[in-house]
Amino acid sequence: MSGKFSNIEAGHLPADANFPSRGPGHAHAAVAMVPSTGDWTKVGTDDRMLYCIRQLVDRYGYPPAGAAGIIGNLWAESAILPNRIEGSSPSTPMRAKNFAGVTTNFTAAQIMDRKSPHGPKLPGVGLAQWTSPSRRSGLFRHVCNGAALGVDVLFNMDAQLDYLDHELRTSYAGVHQVLSSQVVSVEAASDEVVYNYEIPGAILSGHGKLSRADARVQTVFKQRRAPSSRALTAYQSGGGPATFEPFPGASFFHTGQKSPIIAAMHHRLVAEGCNRYQSSANADVWGPGDVKSFAAWQRKLGFEGDDANGTPGRTSWDRLHVPNV
């Protein structure tokens, strides 16, 4: 694979003749079988599942079964295509009917603005097919890695996963609690996401939801459990935890310490938007820039006071996902 396509590791594919430029994302484990066209529709379903479930497990801390419950629902909603719009085919995710009923290849700006008569008639957009005006606009306004991507969020897998996690932690805390349980089953996780987060029309009646015991709801549960189980199988058979540099101990990090581990950490901190370095010279030597940058990472994780003093601890180090060197 040529170097110019290495930004697949950041959850967004390289621009080509058919796609506008994409915004920055997070650095992370590479997805398998990346197409040279930069088109997520050319990445196999299991590879898309694997990429996303790794993100949810490694970056956001969901147990594999909980993450799989999310991914199975994203597959049912969008086929795990970040630029998919409602009413489109997975092979042409930005092509659907406009307000006038004319099938159209939409631009990213038309999808975001969704104005009559030239915008998409149906509102659903993105991995979770966000539909309501507030959730839909929230996607385009969401700040990821220090920036709101606007239309570019349609092509950034990581940013949409970050928005999904943000919603779960803030507006859907009950769902997040279920998904975060270390003993949750993939079936229970899948059911929880569809019943209390996605809430498709098939489980609604009048102004409320049908009961979980209703046969129509059970049918939807069964439909979504299948891709959720598939996602978990993909992770267990080919995903597993990504291989990262183990925590070398706090005493390892002292002024003048020179190691390729420090250089790898330097690059991850920059990728995470925690760059407080004056330059990248001597990136493999521990110094004041490393302390300031790692402290920024600790604060990003929510640590305060002495827990954000710039000296790596096991938790903050493990969350940074420094690749093996």
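Modeller: Start where G174, V175, V178 and L179 of helix 6 meet A189, E192, V193, N196 and Y197 of helix 7. Meeting here means contact, that is, heavy atoms within 4.5 Å. Helices (H or I, at least four residues) and strands (E, at least two) are DSSP runs, numbered from the N terminus.

A word on the source. This is a predicted model, in which local features need pLDDT of at least 70 and side-chain atom pairs count only at pLDDT 80 or more, while totals for chains, interfaces and linings use all residues. Residues are numbered from 1 along each chain as its sequence is written, and side-chain values use heavy atoms, with hydrogens and water left out.

Back to the contact. By class, helix 6 and helix 7 bring together six nonpolar, two polar and one charged residues. Here Ala, Val, Leu, Ile, Met, Phe, Trp, Tyr, Cys and Pro count as nonpolar, Asp, Glu, Lys and Arg as charged, and the others, Gly among them, as polar.

Now the geometry. Two packed helices are described by the angle between their axes and the distance between the axes. Helix 6 covers residues 173–180 and helix 7 covers residues 186–198. They pack at an angle of about 175°, and their axes are 10 Å apart. That makes helix 6 roughly antiparallel to helix 7. The axes are lines fitted to C-alpha atoms, for helices over the stretch in contact, and angles run from 0 to 180 degrees between N-to-C directions. Under 35 degrees counts as roughly parallel, over 145 as roughly antiparallel, 65 to 115 as roughly perpendicular and the rest as oblique.

The charged end of R135 sits over the ring of Y197, 4.9 Å from its centre. For that, NZ of Lys or CZ of Arg must be within 6 Å of the ring centre and within 35 degrees of the ring normal.

R135 takes us to helix 4, residues 133–141. There R135, R136, G138, L139 and F140 are buried. Buried means under 20% relative accessible area, exposed over 50%, and partly exposed in between (1.4 Å probe, protein chains only).

The loop between helix 3 and helix 4 has its own details. P117 is found there. The peptide bond from S116 to P117 is cis, with omega near 5°. Q129 also has its place in this loop. Its phi is near 50°, a positive value in a residue other than glycine. Q129 is buried, with a relative accessible area of 10%.

The charged end of K209 sits over the ring of Y195, 4.3 Å from its centre. Y195 counts as buried because its relative accessibility is 10%. Y195 also has a ring partner.

The whole structure holds six aromatic pairs. Rings of Phe, Tyr and Trp (its six-membered ring) pair if their centres lie within 6.5 Å; planes under 30 degrees apart count as stacked, over 60 as edge-to-face and the rest as tilted. Y195 and F221 make an edge-to-face pair, 6.2 Å centre to centre, with 70° between the planes. The pair links distant parts of the chain: Y195 is in helix 7, F221 is in helix 8 (residues 215–239), and they are 26 residues apart. F221 is buried too, with a relative accessible area of 2%.

Another pair is F253 with W317. Its ring centres are 5.4 Å apart and its planes lie at 50°, so the pair is tilted. F253 lies in the loop between helix 8 and helix 9 (260–271) and W317 in helix 11 (residues 314–320), so the pair ties together parts that are 64 residues apart in sequence. F253 counts as buried at 7% relative accessibility, and W317 does at 1%. Ring pairs link F252, F253, W286 and W317 into a cluster.

S316 lies in helix 11 as well. S316 is buried, with a relative accessible area of 3%. Leaving aside neighbours within four places in sequence, S316 is in contact with F294, W297, Q298, L301 and F303.

Finally, the wider setting. The protein chain has 11 helices and six strands. Of its 325 residues, 53% count as buried.
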